[in-house]
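Visitor: I am new to this structure. Please show it to me, and then let me ask about it.

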Amino acid sequence: MDVSIIIVNYNTTSLTKQSIQSVISHTIGIKYEIIVVDNASDDRSIEAIIYQFENVKLILNQKNEGFGRANNKGIKIAKGEFIFLLNSDAFLISNAVQYFLDFMRAVSNHQYAVCGGELVTGDSRKTVSFGNFPSLISLLSMFGPYIFFKKEYKRKYLLGVVNYNNEIKEVDFISGAAMFIRKSVVDAVGVFDNDFFLYFEETELSFRIKKAGFKSVILPEVKIIHLEGGSQVSDKFNYFRYENFATGRQLFYKKCHGTWYARLAKSLYFLHTFLLSILRLEDGNIFRKLKIILKS
């Protein structure tokens, strides 16, 4: 088996079916399997997927395990030499899997553990494809200094980066929406940390991968559609996302840099959120947001 493609489903029947179909329609010339991990959906997703795609392997969780833990279950049964994590709201528009496979198998690219393509929205606008590891430098820069080195900040410190040129380049981490991983490296450094529920799990895994001496790379020639938050669409401020993002962020700091580093980061985020809110530069209730940050 060349590649195991893993898609996590949670109440996104229509999107998940489109994602699976995009893989089947565009992936040729390689041996692959598709594994769908369902996070206890209540919209009868499973029945619809079984009916339409009889060769898809299904894992049924008894509760919503979140992103990392659900993918871990798919990785556990995966037979592929490589793992391709694909969001249910992400769709292939070319033979991206073959392209990634050829690149990673090239002898000159053995140092790369993870690769990804350029993510675009449904109307072809670029969206976040990769990012830089969170750090106190990037956090302090958010208070204003970044305006003096915007280009450098974007390339070296910004957490989520929209691809800015057509060059193949090494990055800190690839977006978990379409993440192509060498399974032998995952076997060596471990799967996603189960303490993460949603957000920053791919960042923390990539941190361990880089610490082990491997690299991540973005291949802009490959375009993949990512609708972003297809299961979390709302006109209102999304406190669920905000809370999970804050919790995941703090877990990353604590696990990768230690308790005191994490505490300092939390204090700075608290101050930054307070300032943005009173200046009306950020939506959401200030007291509810600050409470979430303190709790994280």
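Visitor: Is Cys256 buried or exposed?

Guide: A residue is buried under 20% relative accessible area, exposed over 50%, and partly exposed in between, using a 1.4 Å probe and protein chains only. Cys256 has a relative accessible area of 16%. Cys256 is therefore buried.

Visitor: What kind of model is this, and how are residues numbered?

Guide: This is a predicted model, where local features need pLDDT of at least 70, side-chain atom pairs count only at pLDDT 80 or more, and totals for chains, interfaces and linings use all residues. Side-chain values use heavy atoms, with hydrogens and water left out, and residues are numbered along each chain as its sequence is written, from 1.

Visitor: How many disulfides does the structure have?

Guide: A disulfide is a covalent bond between the sulfur atoms of two cysteines. Here the test is a pair of cysteine sulfur atoms within 2.5 Å. Cys115 is a buried cysteine, at 0% relative accessibility. The search of the whole structure gives a disulfide count of zero.

Visitor: How many helices and strands does the chain have?

Guide: Both are DSSP runs, numbered from the N terminus: helices are H or I with at least four residues, strands are E with at least two. The chain has 11 helices and 12 strands.

Visitor: What is the radius of gyration of the chain?

Guide: This value is taken over C-alpha atoms, and the globule rule is 2.2 Å times the number of residues to the power 0.38. For 296 residues the rule gives 19 Å, and the chain is close to that, so it is as compact as a globular protein of that length. Its C-alpha atoms fill a box of roughly 55 × 45 × 35 Å along the principal axes. The radius of gyration is 19 Å.

Visitor: What percentage of the contacts with a separation of 6 or more is between residues 24 or more positions apart?

Guide: Contact means heavy atoms within 4.5 Å. Of the 296 residues in the chain, 52% are buried. For contacts between residues 24 or more positions apart, the share is 77%.

Visitor: Which residues does Gly68 contact beyond its neighbours within four places in sequence?

Guide: Gly68 lies in helix α3, residues 66-77. It counts as buried because its relative accessibility is 0%. With those neighbours left aside, Gly68 is in contact with Phe192, Phe197 and Glu201.

Visitor: What covers the buried residues of α3?

Guide: The buried residues of α3 include Phe67, Gly68, Ala70 and Ile75. Their cover includes strands β1, β2 (32-38), β3 (57-60) and β4 (82-86), and helices α7 and α8 (201-211).

Visitor: Which residue forms a salt bridge with Asp2?

Guide: A salt bridge needs a side-chain nitrogen of Lys or Arg within 4 Å of a carboxyl oxygen of Asp or Glu. The whole structure has 16 of them. One links distant parts of the chain, 103 residues apart: Asp2 is in the segment before β1 (3-9), and its partner is in helix α4 (residues 96-105). With the closest N and O atoms 2.7 Å apart, the partner of Asp2 is Arg105.

Visitor: Which helix holds both Lys183 and Asp187?

Guide: These two form a salt bridge, with the closest N and O atoms 3.3 Å apart. Lys183 is buried at 14% relative accessibility, whereas Asp187 is exposed at 54%. They are four residues apart, about one turn, in helix α7 (residues 183-189).

Visitor: Where does Asn165 lie?

Guide: A polar atom of the Asn165 side chain lies 3.0 Å from the backbone nitrogen of Glu167. Leaving aside neighbours within four places in sequence, Asn165 is in contact with Arg155 and Pro220. Asn165 is in the loop between β8 (161-162) and β9 (169-171).

Visitor: Is Arg280 buried or exposed?

Guide: Arg280 lies in the loop between α10 (259-278) and α11 (286-295). Its phi is near 60°, a positive value in a residue other than glycine. Its relative accessible area is 77%, so Arg280 is exposed.

Visitor: What is the phi of Tyr199?

Guide: Tyr199 lies in the loop between α7 and α8. It is buried, with a relative accessible area of 18%. Tyr199 is not a glycine, yet its phi is positive, at about 85°.

Note on methods:
A polar contact is a pair of N or O atoms within 3.5 Å; within protein, one must be able to donate a hydrogen and the other to accept it, and residues adjacent in sequence count only if both atoms are side-chain atoms.
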